[in-house]
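Please open the structure in your viewer and keep the selection panel at hand.

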Amino acid sequence: MLSVRDAETTIFNLTQPLQHPQDTEIVDLLSVNRILATPITSQLDFPHWDNSAMDGYAVRYADVESANHEQPVILEIVEEIPAGYQPQSTIQSGQAARIFTGAVMPKGADTVVMQEETHRDHNHIQILSAPKNQEFVRHRGSYYQAGNQLLPAGIRLNAPEIAVLAAAQCVKISVYRKPKVAILSTGNELVRPNQSLQPGQIVDSNQYALAALVHQMGAEPLVIGIVPDDKQALQQAIADSITTADIVLSSGGVSVGEYDYVEQIITSLQGTIHIRAVAMKPGKPLTFATFDQDERNILYFGLPGNPVSALVTFWRFVQPAIAKFSGLVDAWQPQFINATTTQELRSAGKRETYVWGRLSLVDGVYQFQLAGGSHSSGNLINLAQTNALAVIPVGEKVITAGNAVKVLKIGN
Ligand code: AMP
Ligand code: MG
């Protein structure tokens with residue numbers, strides 16, 4: 001049985017990211033959560049021109065450097081410059097221009113005096129205190145100089161990046177296509193949420209949870225549905241999935257029971273099984289395989305059927321693999337946080353153990369609060385409203401309250 005660390009290395013090494021240019025598409029600005037495929041460079045400086053950071057008066061510093069309340073400097077106002085207007089005059093010694101935030105600085109002026117430090121009298125302005133040299137001027141190119149890289153490839157486009165693209169007038173953006181992730185649930189006992197439950201039947205919750213997670217990541221879930229524990233039906237569903245998807249997630253059918261056919265079918269479809277079990281709890285029966293399909297490398301995750309096991313293995317292995325596959329250059333690896341547990345955490349000690357709860361920042365310290373109720377892999381009820389998994393390493397049976405614990409964030 002592989003350690004979690006070895007399983008992670010195997011999976012991430014076999015995950016090859018989407019490629020530029022063949023795996024890219026052009027999208028418009030409002031395409032949030034996509035991964036940029038090419039670096040962005042602008043021919044514009046930011047700011048585009050010297051402009052005022054305040055409503056006030058554009059002046060020559062040399063004129064006003066001695067101004068104070070007792071001896072104000074009086075200047076003649078020769079122009080009014082609102083935002084969006086090209087100044088017409090050159091400010092001479094003894095002159096000022098009325099200027100507003102964002103408006104272009106007139107020639108000759110080098111400093112802005114904020115309105116609050118002035119007193120206006122018709123077309124003259126009293127400067128009541130000396131500004132600093134060049135105060136309140138945003139200089140052309142001081143934020144970004146044309147020709148440099150504005151955004152690198154391989155980053156996720158969220159609101160700040162979209163704002164930058166808009167400002168740089170990039171309206172057609174090259175991004176990686178969305179990874180296609182097929183999701184299928186195996187088991188004769190499974191029914192859809194809208195079907196009436198017969199004795200012994202279980203609602204297929206995994207499909208919905210996995211589809212939600214895939215969607216949240218900016219990938220495209222292909223929901224295959226429920227496949228019975230029937231070799232032929234399962235073989236057909238997996239064969240179809242590997243021809244249409246980049247990544248296949250099945251849940252169930254990977255344990256050692258009589259009806260657990262997934263491994264046999266992977267082998268009969270020429271897949272290569274790399275992982276059959278991982279020393280973790282929950283999640284031990286995780287299966288990982290690859291298929292060489294028309295020169296594409298398809299990743300196959302056979303997740304355990306138990307609802308918590310399916311999700312824990314998703315967060316621990318599948319989520320970073322999808323993120324890496326998507327073209328993200330950094331920030332795809334799982335992020336662990338050092339926290340303090342508020343309750344005692346227990347493990348049998350043999351496998352790396354994951355328990356769920358809430359992570360919060362209390363007085364600058366991350367605290368992990370264990371979810372109440374059973375931490376059985378079949379109990380999904382107390383998984384609701386959690387946002388983190390705490391990790392109890394192999395060999396440790398207890399982490400007492402107040403001690404340090406490593407935590408994987410799974411939500412907000
Ligand atoms: P298996 O790995 O197929 O032996 O399934 C282990 C347990 O998980 C069984 O109790 C199943 O009923 C349950 N299970 C399997 N698939 C799902 C699913 N899609 N949604 C909810 N529970 C499931
Ligand atoms: Mg089953």
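**A guided tour**

Begin by colouring the four domains: domain 1 (4-18 + 177-325), domain 2 (27-45 + 144-176), domain 3 (51-137) and domain 4 (336-409), with bounds from an automatic or database domain assignment. This is a predicted model, in which local features need pLDDT of at least 70 and side-chain atom pairs pLDDT 80 or more, while totals for chains, interfaces and linings use all residues. Residues are numbered from 1 along each chain as its sequence is written, chains are lettered from A and ligands numbered from 1 in the order written, and side-chain values use heavy atoms, without hydrogens and water.

Select domain 3 and domain 4 next: their centres, taken over C-alpha atoms, are 60 Å apart.

Now select ligand 1. Around it are 16 residues, each with a heavy atom within 4 Å; Glu-189, Asp-204, Gly-253, Gly-305 and Asn-306 come nearest. Show the side chain of Asp-204, where an N or O atom lies 2.7 Å from a nitrogen atom of ligand 1.

Turn to Glu-8 and Arg-316, which form a salt bridge with closest N and O atoms 2.8 Å apart; the term denotes a side-chain nitrogen of Lys or Arg within 4 Å of a carboxyl oxygen of Asp or Glu. Glu-8 belongs to helix H1 (residues 4-13) and Arg-316 to helix H7 (residues 307-325), so the pair ties together parts 308 residues apart in sequence. Helices here are DSSP runs (H or I, at least four residues), numbered from the N terminus. Both Glu-8 and Arg-316 are buried (under 20% relative accessible area, 1.4 Å probe, protein chains only).

Finally, select Arg-177 and Asp-246, another salt bridge, at 2.9 Å between the closest N and O atoms. Salt bridges with shared partners join Asp-23, Arg-177, Asp-246 and Arg-296 into one network.

How values were computed: A polar contact is a pair of N or O atoms within 3.5 Å; within protein, one must be able to donate a hydrogen and the other to accept it, and residues adjacent in sequence count only if both atoms are side-chain atoms. Helices (H or I, at least four residues) and strands (E, at least two) are DSSP runs, numbered from the N terminus. Buried means under 20% relative accessible area, exposed over 50%, partly exposed in between (1.4 Å probe, protein chains only).
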